[in-house]
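I opened the model and took notes as I went.

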Amino acid sequence: MNPAYATVDHVFSVPLDHRTPDGPAIEVFAREVADPARVGEQLPWLLYLQGGPGGKSPRPSAASPGWLSQALKTHRVLLLDQRGTGRSTPVTARTASRFTSPDRLAAHLAHFRADAIVADAELIRRRLCGDTPWETLGQSYGGFITLTYLSQAPEGLRACYVTGGLPGLTATADDVYARTYPRVRDRVLDFYARYPEDGPRLRKIADLLDAGDVRLPNGDRLTSRRLRTLGLALGMGDGFERIHWLLDEALDGDGELSDTFLHQTMALTGFTDNPLFAVMQESLYGQGAGPTDWAASRALADFSEFAEDADPLLLTGEMIYPWMFRDITGLRPFAEAADLLARRTDWPPLYDPHRLAANQVPLAAVVYHDDMYVDAGLSLRTAREVGSTRVWVTNEWEHDGVTASGGRVLARLMDLAAGRA
């Protein structure tokens with residue numbers, strides 16, 4: 001136990017499909033965290049909903065995000081590993097390879113969206129709190145889950161805080177990526193303006209990859225299109241520096257790619273820890289309006305500045321492409337199932353616009369003006385469409401502001417929800 005935190009681990013058995021509670025079950029793990037000085041007190045619960053999809057909850061440590069210390073001043077926190085992540089019957093390349101057919105795997109993966117996560121949360125709340133509602137903090141995709149929660153089970157919620165995660169309620173995957181590419185382009189150009197040497201350096205690396213067969217430590221071929229996916233990091237507060245210092249050590253004295261660069265690039269682009277991020281990314285926008293049909297890949301054709309021979313070479317961001325499931329070891333077992341999910345036309349709705357319009361649960365959200373991942377315009381539209389919502393728009397932080405701010409973002413949202421700001 002970290003002396004700064006008192007923790008209790010919980011494991012819950014939940015139905016894989018909540019519509020058939022007597023069917024197959026999976027385990028969902030959650031860690032209860034409290035201030036050691038207040039363990040015996042009856043504090044309100046705060047459920048943390050991690051971003052992603054496919055991301056597990058943070059582990060308490062000396063390096064824990066500042067929001068956790070802020071929350072523990074007044075709450076008991078539950079760090080939920082959403083189904084399929086962390087210790088919650090994880091979905092990995094190894095477990096995916098055990099399915100006997102792509103159809104079976106696709107059917108299994110269809111149970112890992114926000115609606116199922118909300119059903120898990122409600123089952124857990126009733127076991128921990130009885131009929132008492134709790135509060136939620138939803139970071140990024142956790143905000144998407146929050147809107148599903150408010151649509152399906154608002155009686156379980158006392159107040160909700162959302163950081164960089166108000167989704168467009170009716171936005172399709174095509175709508176989202178039409179807005180995403182210009183934001184990523186602008187972010188990459190800002191990166192090159194800060195580090196002018198990195199544009200030519202990336203072009204040189206891409207040319208090396210196009211001219212030869214360069215292998216990552218796990219045997220995957222590093223291609224220029226995989227190189228470009230490093231841009232996913234640019235939307236975080238430290239993203240520019242992370243990529244810059246990675247490129248700073250990319251070439252060794254002989255002009256070849258260094259072992260350090262290859263190892264770090266493999267880790268950053270391999271999806272080993274979170275394959276669900278890639279597998280489920282576009283299904284977030286599936287709501288019965290036709291197939292998502294690899295929307296990011298189709299939209300790419302509309303933005304010539306992202307061509308592989310364009311100058312400057314533009315990195316990509318939170319886009320998932322079909323080729324990833326053939327080129328990346330950690331995603332290959334999902335390839336055919338991912339194609340099936342992309343073609344699915346009967347996704348159930350995740351949001352209830354009428355119920356959200358009548359919402360009475362206090363919802364406080366921060367919208368990051370320059371967010372690379374979640375479109376501010378769609379977020380502000382949603383804020384106008386959901387009752388009892390108060391929004392704070394800021395460009396002081398990037399997408400990870402709830403962590404980078406050391407607790408200030410959460411504190412302000414709590415004040416907003418309580419009518420103190």
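**Ground rules.** I am working with a predicted model: local features need pLDDT of at least 70, side-chain atom pairs count only at pLDDT 80 or more, and totals for chains, interfaces and linings use all residues. Residues are numbered from 1 along each chain as its sequence is written, and side-chain values use heavy atoms, with hydrogens and water left out.

**The sheet.** I traced an open sheet of eight strands, in the order β1-β2-β4-β3-β5-β6-β7-β8, with mixed pairing. Strands here are DSSP E runs of at least two residues, helices are H or I runs of at least four, and both are numbered from the N terminus. Two strands pair if DSSP finds at least two bridges between them. From one strand to the next, the twist averages 20 degrees.

**Strand β5.** I looked at β5 (residues 134-139) next. Six bridges join β5 to β6 (residues 157-163), and these strands run parallel. Gln139 has Thr163 as its bridge partner in β6. Gly138 has Val162. On β3, the pairing with β5 is also parallel, over four bridges. There, Leu46 has Glu135 as its bridge partner in β5. The chain goes from β5 through α5 to β6 in a right-handed β-α-β crossover. Right-handed means that, with the strands pointing away from the viewer, the path from the first strand over the helix to the second runs clockwise.

How many residues of β5 are buried? I got six of six. Buried means under 20% relative accessible area, exposed over 50%, and partly exposed in between, using a 1.4 Å probe and protein chains only. Trp134, Thr136 and Gly138 are buried on one face, and Glu135, Leu137 and Gln139 on the other.

I checked contacts, taken as heavy atoms within 4.5 Å. Helix α5 (residues 141-152) packs on the sheet and touches β3, β5, β6 and β7 (363-368). Its direction makes about 140 degrees with that of β5. Axes are lines fitted to C-alpha atoms, for helices over the stretch in contact, and angles run from 0 to 180 degrees between N-to-C directions.

**Helix pair α9 and α10.** I found the axes of α9 (residues 239-248) and α10 (residues 259-269) coming within 9 Å and crossing at roughly 145 degrees. Arg242, Leu246 and Leu247 in α9 meet Phe261, Gln264, Thr265 and Leu268 in α10. These contact residues divide into four nonpolar, two polar and one charged. Ala, Val, Leu, Ile, Met, Phe, Trp, Tyr, Cys and Pro count as nonpolar, Asp, Glu, Lys and Arg as charged, and the others, Gly among them, as polar.

I noted a cis peptide bond from Gly52 to Pro53, with omega near 5 degrees. Pro53 is in the loop between β3 and α1 (66-72). Another cis bond joins Asp311 and Pro312, with omega about 5 degrees. Pro312 sits in the loop between α12 (295-300) and α13 (324-327).

Phe271 has phi near 55 degrees and lies in the loop between α10 and α11 (275-280). Phe271 is buried, at 12% relative accessible area. Ser388 has phi near 60 degrees, in the loop between α16 (376-385) and β8. Ser388 is partly exposed, at 37% relative accessibility.
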